[in-house]
Amino acid sequence: MSEGKTFKIAVGPVHPALKEPVQLNCEIEGEQVKHVDIELSQVHRSIEWIGTRRNPVQVVFLAEKICGICNICHTLCFCEAVESIAGIEVPARAHYIRTIAAELERIHSHILWAGVAAHELGFDSVMHYTWKLREKVLDTTEYLTGNRIGKAIVTIGGTKRDIEEKQFGKIREACNYYRQNFSRLRDIFLKDPIIKARARDIGILRRDDALSLCAVGPTARASGVKKDVRQDEAYAAYPDLDVKAITPKELLGEIRGDVYDRIAVRLLEVLQSVELIEKCLKQMPEGKIAYESKLAKVLSDVKQLKGEAIGRHEAPRGEVFHYLKMVGEETPYSWKVRAPTYNNILSWIPMLKGAQIADIPIVAASIDPCMSCTNRAAIADGKELGNEKLHRLSVEKTRSLKKGPGSERGNCN
Amino acid sequence: MNELIIYQLASVPAIAALGIILGLLFKGIDRVLAARMQARIGPPIRQPFRDLRKLMIKENIVPKNAVRFVFNGMPLLAVAASITILLYVPIAGFLPLMQGYGDLILLLYLLLIPSLALVLGGFASASPYASIGAQREMVSMISYELPLAVAVASIAWLFSRAMPGIASFSLAAIAANPVWELVGPVGFIGLLALFLILLAVMPGEIGVIPFDTAEAETEIASGMLVEYSGRNLALFYLADAVKTVGFASILIAIFLPYGISGTLSLQGANAVAADALFFLLKLFIVVFIGRVLIRVAVPRLRITQVVKAYWGYATIAALCGLSLIALDAILLAGGC
Amino acid sequence: MKAEQVLASFKKRFKLKEARIDNVMHRANRKSAVPRIWIEIGREEFKEAVGHLCELHPMPHFAVASGYQIGEIIELIYHFSLNYGKPQGEICIGIKTKLEKGNASIPTITGLVPGALISEREIQEMLGVKVEGIPDSRRLFLPKNFPKKVYPWRRDETGPNKIVRNMHKGEKK
């Protein structure tokens, strides 16, 4: 490559490293990244727009579909906001159940991420191993809620399901499982010389940058910002559990803000979540699981509200933030959902500058990006396409493929 | 004389078929074993055959801006070169078909050709991912060639010294006289080092993790192969499979040329069959260590780290091996 | 610094149109409430107010900017939080500004809080509020071929209603 000549490569939305509707346009010189531009406009889902056309009880179900992995986070935030406006008092037991569900979600998300990170490094054996470990938390979630991923347990004013005394055994068993396997996971990720060579001093986010770019979650904590909504605001059962924001200092003794630190923070948080769940089980109070069990009554309580409120929650990826405004109508007037990746994408730019091409996947993955995606409207050439037109176009495409160059070969079996 | 040529010509397709079948078979075994080590079930062993058949009937797409004849020609070249390797190495106890027409030096060049074909095909496919992949492949080729050349030169030097009068680069001669018997204890350690280096060069040569930077799926979307599809992709797939067998056979011919018929005191057809089976076992062990085990055990390296590993550690180790063999020769000469 | 002190310091320096503290009780132990400060400030003083926040705390955390249109007015709310990192000490503050719909513009705060860039690009395309001095004024979430002069967060004739189809109802005849 001649000196000074750059070329562009696009990572995402159709790239094996970043299967998300986001595009990183990297300007490359030789093997080095000179400049990064982030293009987000791949998919717009209009979830907020749909939400302002449903009543709050319906929006709870919608909020759960914002993100597959963070299904507790968004419902919890939305319910918190509604409860704040309506002045609903959530029973203490429901707070504990919500906390357990949220922590199970964190274990699931972090272990899933660890597998993805290993895959980005080309270490598929570790990916399969970590995902095998993840099965336990999925089984536990299914045992508690009936679903492997979507928990559907949080509702306005409490929870939909109880976690009973006789179910504690299985949860404790899962906790023990992760405790036993934690040291092995830690050794794989933090002691392997090649993972260390690939992750140490790569994708550095300095503390100043983390602060000024408003990074959240493990991304910020790995750079030494002790920021964790569970600690700072202590909602739900967290004030009783004494949560401390985790930085890599506890395990590694220093903070560099690189990919390695972000791996360490997430691994430590798995252990922290296990401890939190165990504490929750020990301290769980008796009582109701919702302030009102009849959905019709809840709906009539929240339909004609006036006021505004925010809901916050520490999701696995960082702080989730919801703003809700009601003006006395059945539906919310304004609903703003802010997921953690929204704040973290800007930190890609300092992380990726000067990195090698080989580092792009792991650095991009290190903030655990999540651009949830279900689209309800497709737009082509400025004209919107309806359902039937889309269907017709698909049929035409299939037919043209059948007529195409492949067909003269005759045999399609 | 004519009969011999006819015999040789007739044998070429047989060896090609054997190489392809063995290569695909070992690919299947590789996938199953890797899957089992990763706590998966994995595909059936015949999956590579199915893949090949499927790819062969798929449409072959040539990108608009590609250099067409290079793009289409390179897969053929890669397969041809890989199969030619097999003609020069002893397989299953038989002498190489083209014995006397080429030696180890030729083999070193033949081993280069499939990689070079990939590089040219990558550059010809007019994709930035493929260009990056091709650049990386060239860099890693330069890296692993150095320890490989040092190791091969050491062996040849050992032969020219210990058995003056025979062609020291001839693989048949090397296979007929196991290297381990030519050295003393110090040289033994040196040879062991060279053997390990060749095993370490193997993943680079056949492009698997940790040295598959040129194809790195998660980084540059399969690199040089990104634009290849259908028949062309199938040919590269095949070339890779055959080259694995070829390289492993070279390793066996140099370091593990032993047969089993002598030990079991078998005669005639039994001896041939036993030796062939034993060769398959050796092949399995070499492929298992040089390909399966290493690719499940470690993550991918960056290209700079690949260069450091081969030029730094592997070359130094190869030079140490050479020095030990030389030292051993001096000791032996002094002892006599 | 307590929430009351933060509010008092704002009251002292600025003319606030609205100032309140909501005490939210969403904790299991119900020993203490979480304060949420809401203030409304004129457009001219808005940037100064963010600057004041930066004096109270070296780097206030900017969460997001939300906004909506009611009648002829566009209301923007910038959500910040102070004192993060202190157990149970974080204070959330929402700074509201009302803008005229016809000629809505607001100065950029990226000089004070660089992380606000994404939110500013978002309100610019979603609400049609011009952000003065924004370092990068391209679209962010909307695709390039999305119609111009359509602002998805608005509820008037410039809103998205015209281009919305209820797909379950099928094609409009």
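Predicted model: local features only at pLDDT ≥ 70, side-chain atom pairs only at ≥ 80, totals over all residues.
A residue counts as buried when 20 or more other C-beta atoms lie within 10 Å of its own.

The unreviewed UniProt entry marks a "binding site" feature at A:Glu48 and A:Val337. These positions are spread over 290 residues of sequence, yet they cluster in space, with a largest C-alpha distance of 7.1 Å. A:Glu48 belongs to helix H1 of chain A, residues 47–51, whereas A:Val337 sits in strand E8 of chain A, residues 334–338. Is A:Val337 buried or exposed? A:Val337 is buried, because 22 other C-beta atoms lie within 10 Å.

The contacts of the two residues connect them directly. Apart from neighbours within four places in sequence, A:Glu48 is in contact with A:Trp335, A:Lys336 and A:Val337. With residues up to four places away in sequence again left out, A:Val337 touches A:Ile47, A:Glu48, A:Ile66, A:His74 and A:His322.

I turn to chain A as a whole. Its domain assignment gives domain 1, residues 47–366, and domain 2, residues 387–413. The C-alpha centres of these two domains of chain A are 43 Å apart.

Next, the interface with chain B. Here 28 residues of chain A are in contact with 25 residues of chain B. On the chain A side, at least two residues each are supplied by strand E1 (7–11), helix H4 (92–120), helix H5 (124–145), helix H7 (193–199) and helix H17 (360–366). The largest share, five residues, comes from H5(A). Sorted by class, the side of chain A that touches chain B has 15 nonpolar, seven polar and six charged residues.

Now to chain C. An unreviewed UniProt entry annotates residues 40–158 of this chain as "domain: NADH:ubiquinone oxidoreductase 30kDa subunit". That span is 21% helix and 31% strand, and its end C-alpha atoms lie 26 Å apart.

Chain C also contains an open sheet of five strands, in the order E1-E2-E5-E4-E3, with mixed pairing. Strand E1 (18–24) and strand E3 (61–70) of chain C are the edge strands, each pairing on one side only. On average, and ignoring direction, neighbouring strands of this sheet are turned by 20° against each other. How do E3(C) and strand E4 (residues 73–82) of chain C pair, and over how many bridges? Their pairing is antiparallel, over nine bridges. Within E4(C), C:Ile74 stands opposite C:Gln69.

Helices pack on this sheet as well. Helix H1 of chain C, residues 3–13, touches E1, strand E2 (34–40), E4 and strand E5 (91–100) of chain C, and its direction makes about 10° with that of E2(C). Helix H2 of chain C, residues 43–56, lies across E4 and E5 of chain C and runs at about 165° to E5(C).

Finally, chain C meets chain A: 46 residues of chain C are in contact with 48 residues of chain A. E1, E2, E3, E4 and helix H3 (117–127) of chain C each supply at least two residues of the side that touches chain A. By class, the side of chain C that touches chain A divides into 26 nonpolar, 11 polar and nine charged residues.

Notes
Residues numbered from 1 in each chain as written. Chains lettered and ligands numbered in written order. Domains from an automatic or database assignment. Contact = placed C-beta atoms within 7 Å. Helix = DSSP H or I, 4+ residues; strand = E, 2+ residues; numbered from the N terminus. Nonpolar A, V, L, I, M, F, W, Y, C, P; charged D, E, K, R; others polar. UniProt positions renumbered as here; feature names shortened; annotations may be inferred. Buried ≥ 20, exposed ≤ 12 C-beta atoms within 10 Å, placed from the backbone. Pairing = 2+ DSSP bridges. Axes fitted to C-alpha atoms, helices over the stretch in contact; angles between N-to-C directions.
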